[in-house]
Every structure is written in structure tokens, then in C-alpha cells.
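Student: Can you take me through this one? I'd like to go contact by contact and then look at the sheets.

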There are 2 protein chains.
Amino acid sequence: MTLDPAALDRIRVILVCTRNPLNIGAVARAMSNFGFAKLRVVNPYEPSFREAKSAVGASHILAAAKEFTLVADAIADCSLVIGTTTGRNRDVSHRILSLEAARDDIRAGLARGAVALMFGSEKRGLSNEDLAHCHWLLRIPTLEEHPSMNLGQAVAVCLYEIARSAASARNAHAAETPMTAGTHADAQPATAAELERITEVLLDGLRASGYVKPRTEAATEDNVRRLIRRLNLHSDDAKLLLGMLRKIGRKLGGDDE
Amino acid sequence: MTLDPAALDRIRVILVCTRNPLNIGAVARAMSNFGFAKLRVVNPYEPSFREAKSAVGASHILAAAKEFTLVADAIADCSLVIGTTTGRNRDVSHRILSLEAARDDIRAGLARGAVALMFGSEKRGLSNEDLAHCHWLLRIPTLEEHPSMNLGQAVAVCLYEIARSAASARNAHAAETPMTAGTHADAQPATAAELERITEVLLDGLRASGYVKPRTEAATEDNVRRLIRRLNLHSDDAKLLLGMLRKIGRKLGGDDE
């Protein structure tokens, strides 16, 4: 499968809770170097974000960067959400791909819709709550003894690899990776917003049924959110499932219509 | 040709006339991330270099960095000298390779001796005099409109590519899928029996909620059965989902436990 060069425009770089304005600026610079335009920041340290935006020579990318309060909103239009990790807070429920190994999956994702590439804060990386929104995780192959990269450098390396993949895909003659199997191969994957709606409706039902216990509510929410992401739903199936869960939810709520 | 992992130790990163201490620190950090140790600086802006060396948490790489006045001395022990360029001050007497295309030449150089990878100052890059020491030039494939990278990011991208080349040489014989996968890669897929139990419990809930209409009952059953099969559930997830649906089903059935 060759990748339409315009597909790079479907990458959204998402910075979650970034502190250092220099890092935000460095990310924007790497994006312009490699041809990416869509930058989104979630809960940046406010003075830091304002400073970066207003810096002399701030790029059009920074000026156009969108700000969000919730990760869910920042990724709502994305059908593939990739988190970055050093592999230390390794979460066994997620598949972890090394950057190079991830290229085919990223390429396939870009061929079908918007792809979010999410980076956590300089100190802590992505939280478990952030990770719950991710379909899978990406790890830059650093040394195990020194896994933690500078944020701007990590973004640059990822974008280099993705741009490189696109370039070589562009030059490839034929389709080597047939993506997924089955008739659904060219179906639209569900967007993050659709997955989140399913998650919410299912959680409502689980609350009404007593499945959710007060003491473990946060953990259960997390588990449900991850489970729904692991299903690899297509948009059609997401709509179907949402319709079913809504109907059940209304019944649970005592509404007999 | 496979590359001896120890060969990475034969790379010398040479920074010529670097101004910004943050950049020197960032270069050292990227080196430690990717397993390179030998940093040499030529005519750094003095206060800047001292500041970087004495910074809290300065790495062993920075502490061991050697300082030179002349490029010729900094590269004296190297049998291959590679300059980096944005391609703008293009010197027609030099061969310019893109980073990825350069990997074989770098690998061959490392097999034979020490290799210098030289980066110029933030503002001007390498001078013509510096370039005269180079066997050939390397260019990171940035956009022509935005070719100039941040120094720390440029070094990180180059070292990622060189380390990647070494790693893939190292793994060439072994398994083709590197890294991948948390526990879910080798998790057991759900059995047909598990899928059918989920289907039945979900269908019961859909009947109780009025989602299933008598006239289309057979078609709905079929749709639900197919949907559940398309989810590609692992056995663990199947159990999780079944538990949730059962709890909801009991509530719908009027059983409050």
C-alpha cells in the first residue's frame, strides 16, 4: 500500500501536560522540519504555553495549536490513538511496538483516518488515565539504562521515522502489507469519540446494575475504557453496539418507552 | 555485513562552535539514550560549555567530553569523517547522502575504525573550512522549506538511525518481529464457546430491553453473533465482557441480588 503524501496531514501530535515552553517550541519546530502541521496541547502549564505561542518567531504551527482540557476531546476525531512510553510504566494490557516496527500500523492507520501520537509530561510521561485512551503504545528503542528522552528529541525521532516511512512508501511500487483481513478491510475504523460514547453508555449500565463498586470505580472505568479500545471496532460496528447498549441502558433506567 | 555492537563506541560526536549550553546537554542526553559515549567539542562558547558541564545531573558523557581548539585535532583518530548539512550551503565537491541512505557507509566505516559525526553551530552550521575535513556529508531529509533543525533534535535523529541500523544488523538473523507485544500478543484467543456465551447473554439483554423485534429476531441474532466474532476477543477479555453483561442481564431480569 502506498501512502498518499497528504496522509501526513492526518497526524495529530498531542502533548499532554507539557511544562517547558522550550519543549513545546522544539516540538513545533520538528513538526515543521518533517512536514506535520496539527499540534494539540492538553492542559499545558499555562504560562508556559502562552510564552511558547508568543515567542518571537513562533511558527504558524504553534500559532495554530489547539488547546484542550481533556484528552478525550483532543483525540475525538482520531481513529487510531498511539501513546508513547519508555516502557518503564509498562502496562501489560497494551501492545507495545518499537518505533520501527510500528511503521506499518501507523501507515495503515493513516490510510483510514486521523492518527493521534500522544506524548506525556517531561517528568511523568502519560498517566494511566491517558493510556486508557490508547489503542497501543510506541517505544523508541533507547537503552534500558537510559530510556527517558528529552521531549523535543523524542518527538523529532518519531516524526523522522514516520516521514521516512511515508517517503519510502511513496517510492514503493507495490502493496506489500494487505492490512487486516476480511471484508471490513476498507471499513472506517471507529473514532475516539465513538469509542468514548460506547464506554460511557456501558459504564452507565454497569453502574445501574451494581457492577461498579464505589471503592473500585476508577479502576473499573479504566478497565472498561481499555477493553473497548482493544475491540478494534469499525465505525459501523461501533454504531451497532452503541445502539444496543443505549436500548439496554434505557430499560435499566426504568424507561419502558 | 553485521555490525559488532561495540562498534557504536567508535562513533565520536563532534560539536563545532556550539553556543547554547542546553543544546550541548541535549546532545549528551541523546547519546546516553542511544548508547553512544564519546563527545568532543571544538571551540564551544566557553561559558556555555562550562555551564553545561557543571549542570546538576550532567551525565558522565558530558563530564568526560573532550575539548579541542582545532577540528583537525578533534577528528585525528577517525578514519571516516562525516559532516552534517541542511543542504543549503551545498558544497558541490562533496557527496551528500540522506541519513537513511548513509547507513551502509557508516556501518562499513565503523567496521574499520573510528567515525566522526560532525555538527556545526546553531546559526551557521559547519564552515567551509570544517567541511574540508569531511569525507562526505549527511543530510536529514527535512522539508526544503524548513530544512534547519534544532541541534539537539538533529543529533537525536542521527543517533537513532545509526543505532537502529546497528540493532537491525544485530537482529538480522533472529526473529523478524522485534520487541512487540505485551502479554496480549501471546494471549489465548477466546474460544467459540466463550463467544457464544457472550452472544447469548447479550441477546437476552437485548430481548429484555425491547431491542429485538419479533419480526426481525432471526436477523438480529445473526447480526449480534457476527458482531461478537468480529471483536477478535482474547479469552481474558471475553471473561471480562461476559461478567459485565451478566451483571447487567441480572438487573434487567429484575434480580437485584
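Tutor: A term to start with: a salt bridge here is a side-chain nitrogen of Lys or Arg within 4 Å of a carboxyl oxygen of Asp or Glu. This is a predicted model, in which local features need pLDDT of at least 70, side-chain atom pairs count only at pLDDT 80 or more, and totals for chains, interfaces and linings use all residues. Residues are numbered from 1 along each chain as its sequence is written, chains are lettered from A and ligands numbered from 1 in the order in which they are written, and side-chain values use heavy atoms, with hydrogens and water left out.

Student: What does the pair Arg207(A) and Glu217(A) tie together?

Tutor: Arg207(A) is in helix 8 of chain A and Glu217(A) is in helix 9 of chain A, so the pair ties together parts ten residues apart in sequence. Helices (H or I, at least four residues) and strands (E, at least two) are DSSP runs, numbered from the N terminus.

Student: And how many salt bridges are found across the interface of chain A and chain B?

Tutor: The rule finds six there. For example, the side chains of Glu100(A) and Arg164(B) meet in a salt bridge at 2.4 Å, N to O.

Student: Which elements give two or more residues to the side of chain A that touches chain B?

Tutor: Among them are helix 1 (21-34), strand 5 and helix 7 (151-171) of chain A. Helix 10 of chain A gives the most, with nine residues. By type, that side of chain A divides into 31 nonpolar, 18 polar and twelve charged residues. Ala, Val, Leu, Ile, Met, Phe, Trp, Tyr, Cys and Pro count as nonpolar, Asp, Glu, Lys and Arg as charged, and the others, Gly among them, as polar.

Student: What is the area buried between chain A and chain B?

Tutor: About 5100 Å², of which carbon and sulfur atoms give 65%. Buried area is the accessible area (1.4 Å probe) that two parts lose on being put together, summed over both. In chain A, Asn33(A), Gln153(A) and Tyr160(A) lose the most area to chain B, together 13% of what that side buries.

Student: Now the sheets. What is the strand order in chain A?

Tutor: Chain A has an open sheet of seven strands in the order 3-2-1-6-4-7-5, with parallel pairing. Two strands pair if DSSP finds at least two bridges between them. Strand 3 (66-68) and strand 5 (96-98) of chain A are the edge strands, each pairing on one side only.

Student: How many bridges join strand 2 to strand 3 of chain A?

Tutor: Three, and strand 2 (residues 38-42) of chain A runs parallel to strand 3 of chain A. Arg40(A) stands opposite Lys66(A) in strand 3 of chain A.

Student: What about chain B, which order does its sheet have?

Tutor: The open sheet of chain B, with seven strands and parallel pairing, has the order 3-2-1-6-4-7-5. Strand 5 of chain B pairs in the parallel sense with strand 7 (residues 136-139) of chain B over three bridges. The bridge partner of Ser98(B) in strand 7 of chain B is Arg139(B).
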